Amino acid sequence: MAKRTIIPFGPQHPVLPEPIHLDLVMEDETVVEAIPSIGFIHRGLEKLVEKNEWPEMVYVIERVCGICSFGHGWGYCKTIEGNMGVEVPPRAEYLRTIWAELGRIHSHLLWLGLTADGFGFESLFMHTWKIRETILDIFEETTGGRVIFSICKVGGVRKDISNEKLSEISEIIGNLKVELSELTDVFLNDVSVKNRLVGVGVMTKEEAVEFGAVGPTARASGVDNDVRRDGHGAYGELSFVPIVEAEGDCYARCKVRIREIFQSMNLIRQAVKQIPCGAVSVVVKGNPSGEYVGRMEQPRGEAYYYSKGSGTKFLERIRVRTPTAANIPALVHLLPGCDLADVPMLVLTIDPCISCTER
Amino acid sequence: MAYITKSPWLIHYDGSSCNGCDIEVLACLTPMYDVERFGVINTGNPKHADIFLVTGSVNEQNIPVVQQIYEQMPSPKVVVAVGICACSGGVFKDCYNIIGGVDKVIPVDVYVPGCAARPEAIIDGVVKGLGALEKKQKNLDTVLTLEKVAREEAEEYD
């Protein structure tokens, strides 16, 4: 047996935009065990419900993560609305869906860029992030913020998007599609990219189910799991089929995300076509007193929001379980047996969002 | 010492932030803002870096990591606190696990406000940091010269 060495990976590592620490137990070049340690981003923001009134908590929950910030705000509003039995106007649900799908595009593009950087294709990273700026411009024009929006509130949204602006967005998305296809062609067909991705870190369907993987990570292993199908927001009125790939390797995870970008573009164009007229928010009176669980499909997978009201302005408990928390066990299972050089790729392809996980 | 202010290299570390400022730091490097045209390079190695960009309000577990990166950087060095969390704790300042601001752990030279800090603001912060870097370099040069003079005098006595 070869001598065992422990190599620390992180918390500060060039491929990691966020700190996570892995102790990699190595035998020569092969990982035999990976011991994760997390907690570098833990802020304890669920405890802030004791200090912030529930309408103000939206701002805190949005800052669970700066990448899927809109989704978190929406998830929180959804659980409070469920708790209080608030009917959200349909136009607001459509607007939320459009922003959430824009958020998905921006998150997946961000991930594609980081992955390109991870396998050493710097110019591809630059191109992807250049395209991402178009989405951020749409966000800035419609909400005022680039990454944190504070546009969602309990009972609806703060601001309407005019119909002219919506058709303009639809047009921008249409143009982006062409530009993006050139780029995704490189991700999916370039030989050197394929060398880094195909066959690396294979997770079977059974493993994905057993370790409770969610989102694109699970869908790339053939698990047909997409919370959007329960019809929250406007998803019930839009037609889409969850994207599933069977291979379960890094390439499949990349492919699922790329196809999801195009799917999101399609969903946005559908939503723009169908959006009803009317108010964008309702006045909410009273305080939440019951319990409610809401589920959302974030860019990284299923997120779960629980709220328990106390009949006062302060909630009793709020709980957020984010997709990366579900994907880390799968990652730790994937790592043994891979080469040291593939570790960054494996860590990246589950699209870890540590600030989500640790809150 | 023009080279240090003409092409500062930076290191970025996420000190318990929500990611918002981190992706904006990265966005500074990409074609829209492209700080590389000014010679700024984002390095992963603290020993190569002149400017330390810290985001986030720093929790207990992150204190030693932030300190370690700061200590590993060669002098002169400048710390830029990016985002309101890094400046004062921001929305998280009441959290039990948060120390509330990077300046409680390491000396900070430039504070960049915003939630999330916009790329323009971050670039502005880095440019302000360059002024501080130049000053520190001059001080360092003076100290080194004084030390050299003292050493030579000591040698003469011997």
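How do α3(A) and α5(A) run relative to each other, roughly parallel or roughly antiparallel? In this predicted model, helix α3 (residues 90–118) of chain A and helix α5 (residues 163–189) of chain A pack at an angle of about 25 degrees, and α3(A) and α5(A) are therefore roughly parallel to each other. Angles under 35 degrees count as roughly parallel, over 145 as roughly antiparallel, 65 to 115 as roughly perpendicular and the rest as oblique.

Residues are numbered from 1 along each chain as its sequence is written, while chains are lettered from A and ligands numbered from 1 in the order in which they are written. Local features need pLDDT of at least 70 and side-chain atom pairs count only at pLDDT 80 or more, whereas totals for chains, interfaces and linings use all residues, and side-chain values use heavy atoms, with hydrogens and water left out.

| Helix pair | Angle | Axis separation |
|---|---|---|
| α3(A) and α4(A) | about 160 degrees | 8 Å |
| α3(A) and α5(A) | about 25 degrees | 13 Å |

Helix α4 of chain A spans residues 122–143 and packs against α3(A) at an angle of about 160 degrees, which makes α3(A) roughly antiparallel to α4(A). The residues of this contact comprise 16 nonpolar, six polar and three charged; here Ala, Val, Leu, Ile, Met, Phe, Trp, Tyr, Cys and Pro count as nonpolar, Asp, Glu, Lys and Arg as charged, and the others, Gly among them, as polar.

Where α3(A) meets α5(A), the residues on the α3(A) side include A:Ile98, A:Leu102 and A:Ile105, and those on the α5(A) side include A:Leu166, A:Ile173 and A:Phe187, contact meaning heavy atoms within 4.5 Å. By class, 10 nonpolar, one polar and one charged residues make up the contact of α3(A) with α5(A).

**Chain B and its interface with chain A**

Chain B has five helices and five strands, where helices (H or I, at least four residues) and strands (E, at least two) are DSSP runs, numbered from the N terminus. Along the sequence these elements follow the pattern α-β-α-β-β-α-β-α-β-α.

Between the chains, 38 residues of chain B are in contact with 40 residues of chain A. The area buried between chain B and chain A (the accessible area, with a 1.4 Å probe, that two parts lose on being put together, summed over both) is about 3100 Å², of which carbon and sulfur atoms give 63%. B:Asn19, B:Ile23 and B:Tyr96 supply 16% of the area that chain B buries against chain A, more than any other three residues.

Two salt bridges are found across this interface, a salt bridge being a side-chain nitrogen of Lys or Arg within 4 Å of a carboxyl oxygen of Asp or Glu. B:Glu24 forms a salt bridge with A:Arg146, with the closest N and O atoms 2.7 Å apart.

Note on methods:
Axes are lines fitted to C-alpha atoms, for helices over the stretch in contact, and angles run from 0 to 180 degrees between N-to-C directions.
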